[in-house]
Amino acid sequence: MIRVQLPDGSVREVARGTTLAEIARAAGRGDAFAALVDGAPRDLAAPVESDCRVSFLTFAEPEGKEIYWHSTAHLMAQAVKELFPEAKLAIGPPIDEGFYYDIDIGRAFTPEDLEKIEAKMRGLAKRDEPIERVTLPRADAQAMFEGAGDKYKRELLEDIPDEQVSFYRQDGFLDMCRGPHLPRTGLIKTVKLLSTSGAYWRGDEKREMLSRIYGISFPTKDELDQYLHRLEEAKRRDHRRIGREMDLFSIHEEIGPGLVLWHPKGAVVRQIMEAFIRETLAQRGYEQVYSPHLARSRLWEISGHMSWYVESMFAGMVVDEQNYLAKPMNCPFHIMIYKSQTRSYRDLPIRLAEFGTCYRYERPGVLHGLLRVRGLTQDDAHVFCRPDQIEQEASALVDLAFHVLGAFGFKDSEIVLSVRDPKAAPKYAGRPELWDAAEAALEAVLRGRGLPYRRVEGEANFYGPKIDIHLFDAIGRKWQLTTIQLDYTLPERFDLAFMGEDGREHRPVMFHRAILGSMERFMGILIEHYAGAFPLWLAPEQARVLSITDRHVAYAKQVAERLKAEGLRAGVDESSERISYKVRRGQVEHVPYMLVVGDREAAAGTAAVRSRSAGDLGPMALDAFLARVNEEIAARQ
RNA sequence: GCCGCCGUAGCUCAACGGCAGAGCGCCGGAUUUGUAAUCCGGUGGUUAGGGGUUCAAGUCCCCUCGGCGGCUCCA
């Protein structure tokens, strides 16, 4: 007998070789379709061989979703093989949301193909065939792939060290797979194939281009509908559409892809964001600097950008027989400011901040509205400090990041601490002792603040470890924003020094950090987060006065002037449209407050206030309205 | 860059290889209206650009530019 511990802490004694399915049934978990055995996912059909902890998986668990989608990918592969017997399968993993399968049919799939495949999948799922794991000796697997001309599977096999290779079979369809899988195809209740695209075999652009099909599936139609609804919601929030509708920004072929024009209304929002950050930085010991957009190539040789970043830099220009390049980063300039005089240990830390406009060559296919551009303004800063100040400064940076991000209405976040891969020491610049100290310092900061974080080995930059903050927006999408990166390399390359207490020169370390990332990208994220309905403090037009008839225009203008005198961004709709039309226009343009004025208001010196979100609030004295909005602005609501 | 899709008025979209249109916007007029679309009229196009096939091209073919969805989350 062996002992199986269940999640509720209870222990069951079962015979060796009892399957997980039997244990699930006995535990009243007939809803489970897979299990975790000591944390590792297993098929329900797998037997338990020794004492272990077992928990059950359904679609509710992340590991369960993975299995569900993975099995759906197999079902799709089966459907494709039945419809297109000549298709060669490559890989078909689950992803964050759904799954894909890369397939070689010598052409792309059409929308009609997708419909056919989807219909086929439904038919196959309805047959509710068992999904079984089988293992084959590697030689047999190889012979089988060679016989069938399955060159991708064969290549995958080469990377598998084991002598026995696992396959999964359903209804005569066999696919090499690590598993685990659902016990039966009938558990796949709904399926939707979402899109197709080209994808390189093994992500290598020198290799074959395969056709990828993306899809998703759910145990209930409700969940699928919800998912599709969320896709539509994301489409509704598309910053490119809202940006045009609200006249915030534009991008023109004549100017160049990835180069953004900020229109007056977008510029207002940006100026408010920048002012808020400048004010915050001033309170936290930062000094603001400016630096040019160009520098001689010599600077980029010293910094190392010419060797490891050239492919992302705009080609240079020659002036007076000297080669100049547009800056892809601001760090060398801030370093030169640091270097412009001898620094004492007493001067450190030195924190230099700049909204620095950089130019980066992004490949044509990756540009995307404001989210991926070629000309961008980073809310950049570099902190130069002594090694013993790393922890203190990292702590201040994390604190600053949360202060700023919180002000923009983001509540949920995820922190990733990227450290070096201990097995790949040569990849990293700087002495191992420095790395150990720095990683420990960053980790201590996160732990000290009680912040949950993920520690990822091997994700550090070659020049130092980093802390990244990801945010979740109003509809649950994840965005990487803040990055706090420690760097040993540049101080070395530029031979930075400070005079220590001991009268000798020491090497400072530096942090690179951007909180919003770039103004362009952050603006895009904010537009999508708020769906265009900026909170009052950020709204390009905070209040609009609507005249009921032409004879109220003079009073409307008077009201707007009063609001402007009090610092509000206010406009007037004096058109001779009906009031309902003007209200609609204001709502569509996401104006937070509309002040309706007619005979009654003009006589009483008031305005009928309408809130974008709460509707008609009734007549209000202007002082009362101003008090209300000023409070709201101060609270950044 | 590569694969696929796409490019018609400021925006959203119609038009079988046979006269380039609608709604919104914008402009003008009428209306003077009380909380999400008043009516009438007008303006607006080298159909992204270039080349080709054809009696005839927005439509078919080729090139260029631009946009959209993707492009190592390992069987």
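Reply: Start with one term: contact means heavy atoms within 4.5 Å. This is a predicted model, so local features need pLDDT of at least 70, side-chain atom pairs count only at pLDDT 80 or more, and totals for chains, interfaces and linings use all residues. Residues are numbered from 1 along each chain as its sequence is written, chains are lettered from A and ligands numbered from 1 in the order in which they are written, and side-chain values use heavy atoms, with hydrogens and water left out.

Me: OK. What is L538 in contact with, leaving aside neighbours within four places in sequence?

Reply: L538 is in contact with V269, I272, M273, F408, L526, Y530 and R569.

Me: Which residues touch the most other members of the largest nonpolar core?

Reply: They are F408, F511, F534 and L538, in a core of 67 residues. A nonpolar core is a set of buried Ala, Val, Leu, Ile, Met, Phe, Trp, Tyr and Cys residues joined through side-chain atoms within 4.5 Å. Buried means under 20% relative accessible area, exposed means over 50%, and partly exposed is in between (1.4 Å probe, protein chains only).

Me: Where does the largest share of this core come from?

Reply: From helix α12, residues 390-407, which gives 9 residues. Helices (H or I, at least four residues) and strands (E, at least two) are DSSP runs, numbered from the N terminus. There is also a second, separate core of 40 residues. Among its members are W69, L75, F84 and C177.

Me: Back to α12. At what angle does it cross α8?

Reply: Roughly 150°, and the axes come within 11 Å. Helix α8 covers residues 264-283. Axes are lines fitted to C-alpha atoms, for helices over the stretch in contact, and angles run from 0 to 180 degrees between N-to-C directions.

Me: What do you call that arrangement of α8 and α12?

Reply: α8 and α12 are therefore roughly antiparallel. Angles under 35 degrees count as roughly parallel, over 145 as roughly antiparallel, 65 to 115 as roughly perpendicular and the rest as oblique.

Me: Which residues make the contact?

Reply: F276, I277, T280 and L281 of α8, with L400, H403, V404 and A407 of α12. By class, that contact has 6 nonpolar, 2 polar and no charged residues. Ala, Val, Leu, Ile, Met, Phe, Trp, Tyr, Cys and Pro count as nonpolar, Asp, Glu, Lys and Arg as charged, and the others, Gly among them, as polar.

Me: And how do α16 and α19 pack?

Reply: At an angle of about 40°, with their axes 11 Å apart. α16 is residues 553-565 and α19 is residues 622-634. The two are therefore oblique to each other. V559, R562 and L563 in α16 meet L622, D623, F625 and L626 in α19. This contact has 5 nonpolar, no polar and 2 charged residues.

Me: New topic: the backbone. Which peptide bond is cis?

Reply: The one from L348 to P349, with omega near 0°. P349 lies in the loop between β20 (343-344) and β21 (350-359). Most residues other than glycine have a negative phi, and most peptide bonds are trans.

Me: What is the phi of D247?

Reply: About 60°, a positive value, although D247 is not a glycine. D247 is in the loop between α7 (239-245) and β14 (249-251). D247 is partly exposed, with a relative accessible area of 38%.

Me: What about H590?

Reply: Phi of H590 is near 60°, positive in a residue other than glycine. H590 sits in the loop between α17 (579-588) and β32 (593-597). H590 counts as partly exposed, at 22% relative accessibility.
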